[in-house]
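Try each task before reading its solution.

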Amino acid sequence: MIRPGSKESQNYDNNSQKVYPQPIDENMNQNVGSMIGSIFNNISSLKAAYIQLQEAHTPYDPDKIQTADRLVIDELTRLSELKHTYREKNPKPVAASPQDSRLLNEIQEQQNLLKTYEVMVKKFQSQIQNRDNEITHLQQQTDEAKHRKSKLEKKLKQRGLLNKESEESDEEENYFSVELTPSLFTSTADNAYQSIHDFSKPLINMMKAAGWDLDAAADAIEPDVVYSRRAHKKYAFESYICQRMFSGFHEESFSIKAANATVSNEAFFHQFLAVRAMDPLDVLSQNPDSVFGKFCRSKYLLLVHPKMEGSFFGNMDQRNYVMSGGHPRTPFYQAFLKLAKSIWLLHRLAYSFDPKVRIFQVKKGSEFSEIHMESVVKNIVLDESAERPKVDLMVMPGFLIGASVIQCRVYLSDVKCTE
């Protein structure tokens with residue numbers, strides 16, 4: 001017997017409310033189970049389609065990518081349909097049993113996985129679109145190049161400059177696709193200066209290794225130059241290389257004796273195109289005594305002084321070999337050939353224009369002008385209120401293409417440099 005007011009009596013009162021159990025709909029459970037099975041099957045199919053989409057990218061196969069992409073989209077569509085069907089049949093579930101909660105958790109897990117797949121699919125679709133755009137752009141460039149090639153071939157045929165061999169050759173489809181423009185000369189001049197800069201590095205390193213006094217050597221090239229930093233003395237060696245390599249540039253023959261003294265603009269451009277895409281050593285292997293071969297030989301002997309070469313190699317074997325008409329395959333000479341090729345191409349291109357490109361230099365002590373000059377030190381600070389800085393060293397000459405100016409490169413005195 002339960003006493004009134006006791007703890008047991010209170011518990012009995014609290015639990016004395018009537019409980020009305022919800023009827024269990026067997027059909028609903030069967031439908032939910034069937035739908036869960038469909039979702040799992042759909043997710044498995046989606047995984048398989050996603051793997052196919054990944055495999056289609058390595059190697060890149062547009063047809064397989066499109067097929068796999070359609071499969072992924074189809075599976076996503078089916079999963080969306082299942083989602084809507086479930087919501088229509090179960091708008092507001094009355095209660096959730098432990099079994100239902102477990103199924104709902106599994107559904108949520110699969111939905112999260114689905115979102116991951118959707119993100120990856122969108123990423124792949126974006127990559128496909130980018131590839132298609134690149135292909136279209138390259139196709140347009142190819143068509144334009146073929147059109148320019150056809151036009152230039154026609155002009156060369158009319159002037160009798162295109163022989164049968166080049167007419168029948170298909171080795172280089174873009175051979176005639178290069179247009180003679182000021183921008184082409186500008187980029188070639190930039191490449192020439194880069195080659196000068198590149199060759200100065202092994203030259204300075206070999207001088208160091210041979211025990212040369214680099215400060216004294218820089219002062220001997222151009223005395224009384226006030227360098228704001230010791231590292232700037234490298235510009236003296238670049239200036240030395242330019243002085244030797246551009247000697248005779250204003251002459252059509254480039255100071256090289258040739259059998260044919262008169263060369264047309266078209267022939268100069270043809271020589272530019274012929275050498276442009278080739279390794280200089282390959283050009284010399286075909287014809288060591290060509291005009292290009294004679295140019296390389298004469299410039300090497302002019303640039304590398306006998307005293308310099310003797311200190312570098314301990315003998316004169318390489319110099320004697322060059323003087324006898326050979327072109328050695330040593331690393332130092334091959335580095336020089338890259339430099340020589342860049343200067344040779346610039347000269348061939350300068351004489352391809354009508355009127356021809358003119359070269360100009362500025363003297364030491366000249367007032368700096370932004371129109372005709374460019375400082376080799378990029379981080380200088382110019383005070384507008386102060387006197388204009390003066391040229392202490394001309395590193396590379398400039399060029400005039402009609403009314404256009406390619407600035408000469410100079411080292412300035414009395415200027416501040418930022419860090």
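Buried means under 20% relative accessible area, exposed means over 50%, and partly exposed is what lies in between. Keep in mind that this is a predicted model.

**Exercise 1.** Classify the two partners in the salt bridge of Lys390 and Glu387 as buried, partly exposed or exposed.

*Solution.* Start with the pair: the side chains come together at 3.0 Å, N to O. Next, Lys390 has 26% relative accessibility, so it counts as partly exposed. Finally, Glu387 has a relative accessible area of 64%, so it is exposed.

**Exercise 2.** Work out which parts of the chain the salt bridge between Asp190 and Arg409 ties together.

*Solution.* First, the N to O distance in this salt bridge is 3.1 Å. Then place the partners: Asp190 belongs to helix α6 and Arg409 to strand β7 (residues 408-412), so the bridge ties together parts 219 residues apart in sequence. As for accessibility, Asp190 is partly exposed at 37%, while Arg409 is buried at 15%.

**Exercise 3.** Decide how helix α6 runs relative to helix α14.

*Solution.* Begin with the geometry: α6 (residues 182-209) and α14 (residues 331-350) pack at about 155 degrees, their axes 9 Å apart. Angles over 145 degrees count as roughly antiparallel, so α6 is roughly antiparallel to α14. The crossing is left-handed. By class, the contact of α6 with α14 has 17 nonpolar, four polar and one charged residues.

**Exercise 4.** Find where Glu238 sits and what it touches.

*Solution.* Glu238 lies in helix α8 (residues 234-245) and is buried, with a relative accessible area of 0%. Leaving out residues up to four places away in sequence, Glu238 touches Tyr193, Ile196, His197, Ser200 and Val395.

Definitions and conventions:
Residues numbered from 1 in each chain as written. Predicted model: local features only at pLDDT ≥ 70, side-chain atom pairs only at ≥ 80, totals over all residues. Heavy atoms only, no water. Axes fitted to C-alpha atoms, helices over the stretch in contact; angles between N-to-C directions. Helix = DSSP H or I, 4+ residues; strand = E, 2+ residues; numbered from the N terminus. Parallel < 35°, antiparallel > 145°, perpendicular 65-115°, else oblique. Left-handed = near helix turned anticlockwise from the far one by under 90°. Nonpolar A, V, L, I, M, F, W, Y, C, P; charged D, E, K, R; others polar. Buried < 20%, exposed > 50% of the residue type's maximum accessible area, 1.4 Å probe, protein only. Contact = heavy atoms within 4.5 Å. Salt bridge = Lys/Arg side-chain N within 4 Å of Asp/Glu carboxyl O.
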